[in-house]
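This briefing covers the arrangement of secondary structure in one protein model. Please view the sequence and the coordinates alongside the points that follow.

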Amino acid sequence: MEAGLLPEADSVIDLREVDQNRRTLMWNSAARDSWPGITVTLDSPLPSGGSIKRVPLGAGDLFEVESLAADVDFHPTQSSCTRNAFLSVMVQVEGATQVHQNGLQAVVEPGDICLLDESSRFRIVSQEWGRIYFLRLPRAQALGRHPLLQRLVAQTLSSSDTGTSLLTDLLLRLGKDAPKLGDAQRNAALGGVIQMLGLASLPEGKLSPTDWRIRRAIDFIEQNLQQQDLSPEAVARDQRISRRRLDAIMQQQLGRSISRQIWSRRLERASEDLRNPQGFHQPIAQIAFANGFENVAHFTRAFKNRYLITPGQWRLN
């Protein structure tokens, strides 16, 4: 499978440039710097090579990892409710890997994808040399747009599936071209990938009879989020069922109501717009109105309740 980050990517570590007696120590240090909470046990005490390359993508990162056989153990350092929690999209480029999380196990082979939720412990085991892409995405942003993705964690998304194949091709192309993009373009690429995560789908046997209603409701909300008159009643009306019935489905499957989904997505989209370098000089009031808020003061209070800082402070941070 053709892949590889360009030389412009940041090299976190290349063991070929490290004294052999210090390679294991330096590898663990570089891995922990990249993924706080990671511990790596290499099969060889004197590894012949290995590298980690990184491309920042807005609030996320794209990593290419080449490694000999290893056992990786991850313990989260961030709560799932913090803005620093991540969801990782793992693409196996070469070799094969076993993934363990939440009592599930997956074998990931070239072209396959596997999702890892960094809000809970996971383990990755490889018994041969391999190359893997890890796209780390803001967890709240990814699951806010695609809440059903949480059911796909630690499962193999096979390259034989058309949606998975398209997503793999996108991430491999991103690995080649992202180092050449400017900051604003990288931020846009991250947002585009999050939208494209809809290509990752549940197998037919794991779909509930009401999953299509959840997907349609979420898509309707995304398409109309900027409309100030967007309401739970409008979302239910699109499916020709009562708001009470759709609210019950959303609560049962996602643990939140239609109105909470609308509210959360407006705040998440506003936080993304505030972080976008292209809109740095855009007035905060304009961003609030563009995401469906009718009142700037109301938006500021809601934003501070959610993120614990004001929109202006978020933008500066």
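In which sense, parallel or antiparallel, do β1 and strand β3 pair, and over how many bridges? In this predicted model, β1 and β3 (residues 51-57) pair in the antiparallel sense, and the pairing extends over 4 bridges. The points below place this pair in its sheet and then turn to helix packing.

**The sheet**

- The 6 strands form an open sheet in the order β1-β3-β4-β11-β6-β9, with antiparallel pairing.
- Its edge strands are β1 (10-14) and β9 (113-117), each of which pairs on one side only.
- On average, neighbouring strands of this sheet are turned by 20° against each other, direction ignored.
- Within the pairing of β1 with β3, D10 has R54 of β3 as its bridge partner.

**The helix on the sheet**

- Helix α3 (residues 162-177) packs on the sheet and touches β3, β4 (60-67), β6 (86-94), β9 and β11 (130-138).
- The direction of α3 makes about 90° with that of β6.

**The pair α7 and α8**

- Helix α7 (residues 243-254) packs with helix α8 (residues 258-275) at an angle of about 65°, and their axes lie 8 Å apart.
- Angles of 65 to 115 degrees count as roughly perpendicular, and α7 and α8 are therefore roughly perpendicular to each other.
- From α7, the residues R243, L246, D247 and M250 meet I258, S259 and Q261 of α8.

Key. Residues are numbered from 1 along each chain as its sequence is written. This is a predicted model: local features need pLDDT of at least 70, side-chain atom pairs count only at pLDDT 80 or more; totals for chains, interfaces and linings use all residues. Side-chain values use heavy atoms; hydrogens and water are left out. Two strands pair if DSSP finds at least two bridges between them. Helices (H or I, at least four residues) and strands (E, at least two) are DSSP runs, numbered from the N terminus. Axes are lines fitted to C-alpha atoms, for helices over the stretch in contact, and angles run from 0 to 180 degrees between N-to-C directions. Contact means heavy atoms within 4.5 Å. Angles under 35 degrees count as roughly parallel, over 145 as roughly antiparallel, 65 to 115 as roughly perpendicular and the rest as oblique.
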